[in-house]
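Me: I've got a model open and I'd like to learn how to read it. Can you take me through it feature by feature?

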Amino acid sequence: MSTAEDSGAPAVGPEEAAASIGRLAATVDRLRLEVQAAHTAAEGRALVEMAKGILVERLSCGPQEAARQLADLAARAHVSQLEFAADIVNRAAGDRLAEAAVAFVAQARGDGEHPGADAPSVAVRLRTAEGGALAAHDAQAVAAALLDHALAPLGACAVAVWAAASDGSLTLRGHAGFSTEESARWRHVPPGVATVARTALAERRTVWLPSLRDSGLPSIGLRDLPGGRAAVPAGTGGRIHGVLEICWPHPLQPQPPQVRRQVEALAELCAHTLETHPTAPGGDADAARHIGELVQLADGLHDPALLLVPQLSADGRLLDFRIQHANAKFTDPAGRPRHEIVGALLLEAYPMAANDGDLFDMAERVYATGEAFRAERVTVTTLIDQVPLPTPAGISISRHGDTILLLWRVENEATRLAGLLQHAQRLGNIGGFEEILPTGEIVWNAQMFDLHGLPRTAAPVPLEELPSSAHPDDAVAIGRFLRTLITHRRPASAAFRLRRSDGITRHIRVAAEPVLAANGDLFAVRGAFQDISAQHWTEVALAATRDQLAHSERQSAQRNRLALQLQHAIMPPESMPLDAPGLAVAVRYRPAESEAAVGGDWYDCVPLPSKQVLLCVGDVAGHGIDAATGMVVLRNALRGMSVTGAGPAQLLGWLNMVAHHLTGQVTATVVCGIYNPADRVLRWARAGHLPPILVRDGEAHPLPLPDGLLLGALADAEYEEAELQLAQGDTLLMYTDGLIERRDRSVQDTLGHLVENARGAAPNLDLRLDRLLVRSKADTDDDTCIIGIDVV
């Protein structure tokens, strides 16, 4: 062997060797950066060329003129041609990427910040990532393009692109930033495993996790790092094809809306890639596609179905089957939900299946030989709280490639449901039928014969003869029903009157659907008749009652409204002062709580030609329009008669004749007084009314009652007149019974309560009346009138 000394070459020392290795590493780094810069420049040139194409189309010019225009416009905007090209593409595209870039600029300006150089760079990064994704031949290249151009500037360190299979499993189609070992461990995620990506897929929304370690969800990457995660469903056209998962090396803070829009736009790029390249090359993709087809087959079956995938040992020996999928019809005998069964091993879910000749032996034999196994009745044993529960069931097991399709139908459950259906049809007066059109065969259940009033031995009536059994007025509805069902081959329903052979007419609702053959021809019609006679007549009776009640309510509301308008026209409820010589007069009128209880209360204060003042308060018996009109008649009559100069007793005598003869015998109570300001004397009389209350020097007491029968009781009634000498500072209160009337107390008790409330001084007359109204304990919700008179 020759040496360096033998050949005459100079010897190389350790320091020189280290220097040579350093120069080689620097050269490799420089070449790598040059290659990366070349890639970036190529992607930038693609974006510029795209913008030139848009200018050619918009300006109707040639490529050279478009290039000149692009350079000129970029110079005027003081940005690079690449940034201006990205802006042109965004304006022309108007897609999610453009919205994300515009949102970033709008947010920056809304916060009072200048976007600066970073604002257009967002558009450049997104469009560059788009160009790399569109040029990529698989999802692996897409993941690298997204991370390098769009996600790394956001602080992300890794990205994974998951493809969603029809069986609910997830396959890692592309990744960047994760090690080869880590990606190999997460190559396939079976259905039912809760991961970050599956959470986004199941909830159909973007999932943001501040820390993967704190969330407790497994996912690709090192879980002991406090980094944040985001998982975005990647879908197009309403269909989700997979999930874009993004990893940050640090805890993730709440992201602003513009960043969220960027991430969602990038997920849409992944969706286009997954849609364009639905499967990855290799046997795993073929197996996934095959399982997806079996999932669709199982979901279309009417029987409960399980998909079993064999679990083999290192030497190829069958150990168990993993339950890959359970269709919607599947019901676990132990009552467990489907998600607890899917993903489990067959012997873990059903340990009793390991017995000789039980379910596992059947599936193992089918897997070994490929020969299907079917049995009408097999006992499947299930453990429920460690108690074996044998369940008879029909079993069908078949092999499809390396996957086992297991069908079972629990016999007792089906029989029980059939019995329940029969009881439901009987209780609901529902009869079922099926008519095979090519053969004319008709099948009725027992309830159908009862609805038609036919014996069980009679021949069923075909649908085409239905018009002859229906009421003539329902011929149009029956014809429309048959045309929709037979001619247009669509489900239809109709209500009609069935005239039975025994002369009884029943109201029937029929609903039916067509059954099509494999070639699309109409093969059969199946449906149901329901007797709705009781419901029909109940609805008719209810409709008539509702109409009658509505009419009565309208009449009552109209009468009450007229009465209330009449009452308010005479006596508005607003407080207002009254002018009277020598007196300070205030009134309060409180209408009834309910407009339906409009009464006939009234008050009046009228200066007379004799310089005296008429003071009165009255209450007509009853409510409504009659009471209101009676009140108007009596009030106006008293006003007219008071100008004659007659005294209070004479006025009430005349008013009694009016009430008895002229108003249909209206009854009313009234207190009437005539005050003379010259000598401060009040002459007054009453017709069955409550006594006025005199407040003098802080003390209150009711006035002694003169005799007087209520108005309208007798044709000829006489009234006694009393006289009261008032003094300056006295207060006189005249009121109706609505102020004191209670259902559970006597009038004497409630009158005593009013006298107590009237005692004491008050700042003014208005406050005294308001205080009486507030402290009133009346509970009859009747109208209330009060006149307060201060002698000045």
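Reply: Let's start with burial: a residue is buried under 20% relative accessible area, exposed over 50%, and partly exposed in between, using a 1.4 Å probe and protein chains only. Glu-203 has 40% relative accessibility, so Glu-203 counts as partly exposed. Of the 792 residues of the chain, 43% count as buried. Keep in mind that this is a predicted model, where local features need pLDDT of at least 70, side-chain atom pairs count only at pLDDT 80 or more, and totals for chains, interfaces and linings use all residues. Residues are numbered from 1 along each chain as its sequence is written, and side-chain values use heavy atoms, with hydrogens and water left out.

Me: What does Glu-203 form a salt bridge with?

Reply: Side chains of opposite charge can pair when their charged atoms come close. The rule here asks for a side-chain nitrogen of Lys or Arg within 4 Å of a carboxyl oxygen of Asp or Glu. Glu-203 pairs with Arg-205, with 2.6 Å between the closest N and O atoms. Arg-205 is at 42% relative accessibility, so Arg-205 counts as partly exposed too. The rule gives 17 salt bridges.

Me: Are Asp-604 and Arg-635 buried or exposed?

Reply: Both are buried. They form a salt bridge, their closest N and O atoms being 3.6 Å apart. This pair links distant parts of the chain, 31 residues apart: Asp-604 sits in strand E19 and Arg-635 in helix H21. Those labels are DSSP runs numbered from the N terminus, helices being H or I with at least four residues and strands E with at least two.

Me: In what order do the strands of the open sheet come?

Reply: Two strands pair if DSSP finds at least two bridges between them. Here 5 strands run E19-E20-E21-E22-E25, with antiparallel pairing. E19 and E25 (721–725) are the edges, each with a single partner strand, so one side of each has no neighbour in the sheet. E22 and E25 pair over 5 bridges, and Ala-685 has Glu-721 in E25 as its bridge partner.

Me: Which residues have the most contacts inside the largest nonpolar core?

Reply: A nonpolar core is a set of buried Ala, Val, Leu, Ile, Met, Phe, Trp, Tyr and Cys residues joined through side-chain atoms within 4.5 Å. The largest has 30 residues, and Val-620, Leu-634, Cys-672 and Leu-711 have the most contacts inside it. H21 gives the most to this core, with 7 residues. Contact means heavy atoms within 4.5 Å, and Cys-672 touches residues including Leu-614, Leu-638 and Trp-684.

Terms used:
Lists of a residue's contacts leave out its neighbours within four places in sequence.
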